[in-house]
Amino acid sequence: MEDEAEIYDGIRARFPLTFGKQSKSQTPLELIHNATRRGGAATTNSNGKPSSSYSTKTTDLPSISSSSKSWLDSLRNPKTRNPNFGDEDGDRPMVGPPRPAQVDSNADEDEGGYAMFGPPRPPPGSGGGDVEDEDGDVMVGPPPPPPGSGESDEDGEMIGPPKPPPGSNLSDSDEDEDDEEQEEEENRYRIPMSNEIVLKGHTKVVSALAIDHSGSRVLSGSYDYSVRMYDFQGMNSRLQSFRQLEPFEGHQVRNLSWSPTADRFLCVTGSAQAKIYDRDGLTLGEFVKGDMYIRDLKNTKGHISGLTWGEWHPKTKETILTSSEDGSLRIWDVNDFKSQKQVIKPKLARPARVPVTTCTWDREGKCIAGGIGDGSIQIWNLKPGWGSRPDIYVEKGHSDDITALKFSSDGRILLSRSFDGSLKVWDLRQMKSTLKMFEDLPNHYAQTNIAFSPDEQLFLTGISIERESTTGGLLCFFDRAKLELVSKVGISPTCSVVQCAWHPKLNQIFATSGDKSQGGTHILYDPTLSERGALVCVARAPRKKSVDDFEAKPVIHNPHALPLFRDQPSRKRQREKILKDPMKSHKPELPMTGPGFGGRIGTSQGSLLTQYLLKQGGMIKETWMDEDPREAILKYADVAAKDPKFIAPAYASTQPEPVFAKSDSEDEEK
């Protein structure tokens with residue numbers, strides 16, 4: 001007994017004190033993820049039928065092994081779960097491996113009567129040394145697993161997850177086999193789209209999206225002229241942005257791009273000047289605008305028209321690329337906002353200013369592709385002495401403006417998206433013809449882009465809503481190897497899908513959508529496949545308000561609120577109020593009652609400046625308009641004769657009595 005106690009204590013000392021205790025239930029987290037689960041009707045496969053793995057009849061998650069499925073089913077359905085995956089009462093599900101069975105306390109002394117934690121004890125009689133088998137030989141290594149878990153045959157030992165129970169309808173009929181094959185075909189891509197959250201805040205369509213390389217911060221730009229910044233680590237389940245910017249007043253946000261080190265980001269708007277912000281949203285500078293009166297674009301210091309696209313160099317943190325409606329592409333140095341490093345003028349059939357609708361780098365930053373307004377695709381290789389002459393020129397790539405270009409990481413495939421409702425796959429070694437063209441993909445936004453999956457087996461793009469369409473905004477997935485449509489995922493029934501991204505570290509899919517009145521960023525994820533990101537913020541409840549958060553609002557006494565100091569309402573509001581009144585709006589103007597009243601001179605007496613000055617000087621009396629002019633003059637006749645002041649004193653000595661000239665009009669008439 002002493003030897004057994006020593007062995008038990010030695011084994012128990014290797015494990016922490018908390019080992020074997022009942023862990024906290026994960027039911028609240030499961031309820032949270034169940035609340036964000038997507039409906040099955042929104043997902044269809046390539047044949048247009050609802051996907052079996054996302055239909056409303058089943059709740060299985062995609063791309064999960066059978067043991068994981070049984071564990072998840074045991075969490076969701078406590079009554080039908082495996083007894084090994086719960087406590088004794090069957091009320092609370094236990095997460096993790098099953099607990100070891102406890103030994104009966106009434107057992108004999110050989111069994112020990114203790115509850116065993118950790119690996120199984122050595123058989124009795126080993127004396128704390130090497131374990132001997134039945135033949136008496138010394139056995140080296142861990143003890144063999146207990147019997148009763150066979151795998152190879154009925155009497156052998158089984159390694160791995162338990163076999164499915166009999167009667168599980170795995171091979172009952174051909175229809176079940178077809179469903180399984182179809183589900184395996186769909187699940188082999190491992191698309192994380194069982195759950196969904198929406199980052200809201202914009203009032204118009206979200207046209208720009210950028211996720212940093214670590215997956216902690218998300219940028220979204222919109223047609224409402226604003227940029228919103230989201231942080232998964234500091235965001236709770238309310239999904240609110242921590243900062244809002246307005247890069248350029250009155251200009252739509254067209255693209256956002258993080259630097260390779262994710263310490264700064266580029267913001268491209270409809271103005272001619274791109275801006276650089278740091279990670280916290282503080283402005284670091286904006287690039288200079290060119291002279292619009294210079295004809296040659298190579299002689300201007302910057303763009304002279306609105307920008308259409310811009311991307312940061314994938315490897316160099318000091319270099320960015322922009323394209324503009326002025327018909328040029330420019331490479332900039334972030335450390336110098338006053339001038340650009342290189343100006344690229346695309347090849348045109350005839351001299352004109354054709355806008356460059358989009359541009360992009362390849363993965364190594366050694367190649368540039370541009371989509372021109374005439375439908376051509378032009379590619380330049382960055383090499384010593386290179387200029388504006390393209391190395392690859394596709395004259396008629398699309399019949400309408402190109403909205404996005406995307407290189408594959410191996411540099412073999414180029415994807416192009418256009419307003420003509422198509423997505424084309426190009427082989428960079430043979431650009432004369434397309435490998436595949438996918439049609440019936442409506443596109444009404446100049447920022448609709450293309451994205452690859454992390455392993456680049458799939459590529460995806462968004463679809464805009466048409467007036468006669470009943471499908472809504474979709475996200476289409478295509479197989480790169482087979483060049484066929486794999487799945488269509490419904491994002492919004494009333495809004496178009498513009499930009500999309502599949503983050504490799506988070507394994508979550510981002511899709512922006514919106515219309516003229518609303519906009520949001522949809523995040524698709526899977527609790528079993530995705531990491532961090534949406535999983536972090538969804539499970540974080542908002543902080544409850546405490547007593548310290550209470551603030552008493554002070555009473556502000558405004559002296560201008562008194563009638564003595566209150567401003568009179570503006571005449572504009574009075575006129576608008578009168579126009580709305582049916583009686584006052586039809587009342588004719590009052591007639592003029594005399595000079596200076598009711599109209600021309602003024603509505604009040606003495607409204608003119610001259611009248612005001614004369615009245616203040618005492619030269620105008622209030623009764624002068626009511627008197628007879630002749631009587632008013634004659635009343636001063638006696639005073640003028642006795643005490644002349646002006647003309648009479650000058651002739652007092654020479655002409656004491658005035659002699660007036662007689663009129664000659666009578667003589668002329670005679």
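Accessible areas here come from the Shrake-Rupley method with a 1.4 Å probe. With that settled, here are my notes on this predicted model.

1. **Overall surface.** The protein exposes about 41600 Å². Carbon and sulfur atoms supply 51% of that area. Of the 670 residues, 38% count as buried.

2. **Fold content.** You will find 10 helices and 31 strands in the secondary structure. Taking contacts between residues at least 6 apart in sequence, 50% join residues at least 24 apart.

3. **Gln378, a buried polar side chain.** Strand E19, which covers residues 377-381, is where Gln378 sits. Is Gln378 buried or exposed? Gln378 counts as buried because its relative accessibility is 0%, and the cut-off for buried is under 20%.

4. **Polar partners of Gln378.** Which atoms does the side chain of Gln378 meet? A polar atom of this side chain lies 2.7 Å from the backbone oxygen of Lys347. The side chain of Gln378 also makes a polar contact with the side chain of Ser376, at 3.5 Å. If you are checking the assigned side-chain positions by eye, these two pairs are the ones I looked at.

5. **Surroundings of Gln378.** Leaving aside residues up to four places away in sequence, Gln378 touches Pro346, Lys347, Ile368, Ala369, Gly370, Ile372, Pro390, Ile392 and Tyr393.

6. **Cysteines.** How many disulfides does the structure hold? The count is 0. Cys500 is in no disulfide, and the nearest cysteine sulfur, that of Cys476, is 9.8 Å away. Cys500 counts as buried, because its relative accessibility is 3%. Cys495 is buried too, with a relative accessible area of 4%.

7. **A nonpolar patch on the surface.** Phe646, Ile647 and Tyr651 form a nonpolar patch, and together they have about 430 Å² of accessible area. Where is Tyr651 placed? Tyr651 lies in the loop between helix H9 (637-642) and helix H10 (665-669). Tyr651 has 46% relative accessibility and so counts as partly exposed, a class that runs between the 20% and 50% cut-offs.

Methods. Residues are numbered from 1 along each chain as its sequence is written. This is a predicted model: local features need pLDDT of at least 70, side-chain atom pairs count only at pLDDT 80 or more; totals for chains, interfaces and linings use all residues. Side-chain values use heavy atoms; hydrogens and water are left out. Patches are made of residues with over 30% relative accessible area and no salt bridge: like charges are joined within 9 Å, nonpolar side chains (Val, Leu, Ile, Met, Phe, Trp, Tyr) within 5 Å. A salt bridge is a side-chain nitrogen of Lys or Arg within 4 Å of a carboxyl oxygen of Asp or Glu. Helices (H or I, at least four residues) and strands (E, at least two) are DSSP runs, numbered from the N terminus. Buried means under 20% relative accessible area, exposed over 50%, partly exposed in between (1.4 Å probe, protein chains only). A polar contact is a pair of N or O atoms within 3.5 Å; within protein, one must be able to donate a hydrogen and the other to accept it, and residues adjacent in sequence count only if both atoms are side-chain atoms. Contact means heavy atoms within 4.5 Å. A disulfide is a pair of cysteine sulfur atoms within 2.5 Å.
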